[in-house]
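Please open the structure in your viewer and display it as a cartoon.

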Amino acid sequence: MEELKLEPLYLITAKCDYCETSFHTSRVRHSLKKAHFTDTDFYMRYKGVNPDYYVVTVCPNCGYAFTENFSKGLAPVIRTSFELKVVKNWTGHDYGGERNWDDALHTYQLALLSAQIKNEKDRVVAGLLHHIAWLYRDAGNKKQEERFLEHALDSYVRVYELEGISVDNARLMYLMGELNRRLGRYNEAVRWFSRVINDKNIIDAAMIRASRDQWKVTREDMLAAQIELPEEMKNEAKKHG
Ligand SMILES: [Zn+2]
């Protein structure tokens, strides 16, 4: 039987919200997305083409960059600001084809710029910052990774402060714990993990389990760094262990 080999990328047509140009951009074929490992902060690692490289759509005509989470349209005052900050400096670049790591980073930087000009929700901004941190993780650039994890964490905290403890925030609370842990802010990390574990209103079993796991990892981190454990960790070690 002849083997049918699918190309991992396919083209879709997108339309720019700013200049209304229609253009092509690539997506990764769903059937060929093969995650083989997920990091504890939800970074999915793929074999072959990385779908994360193709999350951002960039208009080749004006530089407006967006993801499917962006709000639609640009208000007049935002159009003016976007024109001054982006369009005037845009020298034209087509990101529609295959992307390498540098291309991917540029597309996220452009999306971040568009998001900031448009005042997109903190959740959207946090996601972009987190993706940039993951790109640097892939490249082995620890310093830049931590810099962007820190920015992402600040944005997630703002999301939490605005949304409060709504039903769906176990994942967000876990993530704030995990980013704090990765940044070496262990006491903060423990605080968030404990909240997910102990809050009776949280029913997200996967996040409770993940928080228990990372609570233990944080304890190991603290012991390794010879940091004195908070009382609850001394007392609850047995309970969680
Ligand atoms: Zn455009």
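Helices and strands are here DSSP runs, a helix having at least four residues and a strand at least two, and they are numbered from the N terminus. With these names in hand, select Gln226, which is found in the loop between α7 (205-224) and α8 (231-240). Gln226 has a positive phi of about 55 degrees, although it is not a glycine. Please keep in mind throughout that the model is predicted.

**The whole protein**

Next, select the entire protein and colour it by secondary structure. It has eight helices and six strands. Followed along the sequence, the order of elements is β-β-β-β-β-β-α-α-α-α-α-α-α-α. The C-alpha trace spans about 60 × 60 × 35 Å along its principal axes.

**The zinc site**

Select the zinc ion together with Cys16, Cys19, Cys59 and Cys62. The SG atoms of these residues are the protein donors of the ion, and they lie 2.2 to 2.3 Å from it. Which arrangement do the four donor atoms form around the zinc ion? The arrangement is tetrahedral, because the angles subtended by the donor atoms are 103 to 120 degrees. For comparison, the ideal angle for four tetrahedral donors at a metal is 109.5 degrees.

Now locate the donor residues in the sequence, where their spacing is C-x2-C-x39-C-x2-C. Cys19 and Cys62 link distant parts of the chain, being 43 residues apart. Cys19 belongs to the loop between β1 (9-15) and β2 (22-28), whereas Cys62 belongs to the loop between β5 (57-58) and β6 (65-66).

**A loop among the strands**

Select Phe42, in the loop between β3 (35-38) and β4 (44-46). Phe42 is not a glycine, yet its phi is positive, at about 75 degrees.

**Helices α2 and α3**

Move to the helices and select α2 (residues 101-118) and α3 (residues 122-139). Their axes come within 10 Å and cross at roughly 160 degrees. Angles over 145 degrees count as roughly antiparallel, and α2 and α3 are therefore roughly antiparallel to each other. The crossing of α2 past α3 is left-handed. Show the side chains of the contact: among them are Trp101, Leu105 and Tyr108 of α2, and Leu128, Ile132 and Tyr136 of α3. The residues of this contact comprise 14 nonpolar, two polar and no charged.

**Helices α3 and α4**

The axes of α3 and α4 come within 8 Å and cross at roughly 160 degrees. Accordingly, α3 is roughly antiparallel to α4. This crossing, too, is left-handed. The contact includes Asp122, Arg123 and His130 of α3, as well as Glu145, Phe148 and Arg158 of α4. How many charged residues does the contact of α3 with α4 have? It has six, together with twelve nonpolar and five polar residues.

**Helices α4 and α5**

Helix α4 passes α5 in a left-handed crossing. In the contact, look for Leu149, Tyr156 and Tyr160, which are among the residues of α4, and for Met173, Met176 and Arg182, which are among those of α5. By class, this contact has twelve nonpolar, one polar and three charged residues.

Definitions and conventions: Residues numbered from 1 in each chain as written. Predicted model: local features only at pLDDT ≥ 70, side-chain atom pairs only at ≥ 80, totals over all residues. Heavy atoms only, no water. Axes fitted to C-alpha atoms, helices over the stretch in contact; angles between N-to-C directions. Parallel < 35°, antiparallel > 145°, perpendicular 65-115°, else oblique. Left-handed = near helix turned anticlockwise from the far one by under 90°. Contact = heavy atoms within 4.5 Å. Nonpolar A, V, L, I, M, F, W, Y, C, P; charged D, E, K, R; others polar. Donors = N, O, S within 2.8 Å, 3.2 Å for Na, K, Ca; no water. Tetrahedral: all angles 85-135°; square planar, octahedral: opposite > 155°, others 65-115°.
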